Amino acid sequence: MSLKEQLTEDMKAAMRAKESGRLAAVRLIIAEVKRKELDEQTQLDDTQVLAVIEKMIKQRKDSITQFEAGGRADLADVEKAEMAILSTYMPAGLSDEEIAAEVAAAVAATGASGPQDMGKLMGVLKPKLAGRADMTVVSGLVKKALAGA
């Protein structure tokens, strides 16, 4: 079952169970996926749907930071609840050790030797780690690896 089909089934289940929070979050995902499909005139596959969900999670993190800074804990709690539901659709994340091992393997494979090779290294790592690792963490590990190289 594709991720889009899973989302549709989860939406139906949330309607039957009268889970309004989950229903709203799933509808947001479906709407964003359909918007992207219309914009690009194509059908999204599972990796592209995961990218949409990942972007939505990042937006929620930014909103939570802003709401907490503004003293709006009520709105931050709503965003946290949505983010928790969005996160259930993401694949299991990699540990820091696994990410570091992937970075080391990519450095060895590409022969990267300094900060000027960061783009090349990130180009290799992003498709492998997208959806399974926070790319800001990956970026920090790449910088550290290239600084020591």
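This is a predicted model: local features need pLDDT of at least 70, side-chain atom pairs count only at pLDDT 80 or more; totals for chains, interfaces and linings use all residues.
**Exercise 1. Find Glu-37 and decide: is it buried or exposed?**

Solution. First, locate the residue: Glu-37 sits in helix H2, which spans residues 20–40. Second, check its relative accessibility, which is 13%. Third, apply the cut-off: buried means under 20%, so Glu-37 counts as buried. Now turn to its surroundings. Setting aside neighbours within four places in sequence, Glu-37 is in contact with Lys-4, Thr-42, Gln-43 and Leu-44. With Lys-4 there is a polar contact between the two side chains, at 2.5 Å.

**Exercise 2. Work out how helix H3 is oriented relative to helix H4.**

Solution. Begin with the two elements: H3 covers residues 46–69 and H4 covers residues 73–87. They pack at an angle of about 160°, and their axes lie 9 Å apart. Angles over 145 degrees count as roughly antiparallel, so H3 is roughly antiparallel to H4. For the handedness, H3 passes H4 in a left-handed crossing. Finally, pick out the residues that make the contact: from H3 they include Ile-53, Met-56, Ile-57, Ile-64 and Phe-67, along with the charged Arg-60, Lys-61 and Glu-68. On the H4 side, Leu-75, Ala-76, Met-83 and Leu-86 are among them, as are Glu-79, Lys-80 and Glu-82.

Definitions and conventions:
Residues are numbered from 1 along each chain as its sequence is written. Side-chain values use heavy atoms; hydrogens and water are left out. Helices (H or I, at least four residues) and strands (E, at least two) are DSSP runs, numbered from the N terminus. Buried means under 20% relative accessible area, exposed over 50%, partly exposed in between (1.4 Å probe, protein chains only). A polar contact is a pair of N or O atoms within 3.5 Å; within protein, one must be able to donate a hydrogen and the other to accept it, and residues adjacent in sequence count only if both atoms are side-chain atoms. Contact means heavy atoms within 4.5 Å. Axes are lines fitted to C-alpha atoms, for helices over the stretch in contact, and angles run from 0 to 180 degrees between N-to-C directions. Angles under 35 degrees count as roughly parallel, over 145 as roughly antiparallel, 65 to 115 as roughly perpendicular and the rest as oblique. A crossing is left-handed if the near helix is turned anticlockwise from the far one by less than a right angle, and right-handed if clockwise.
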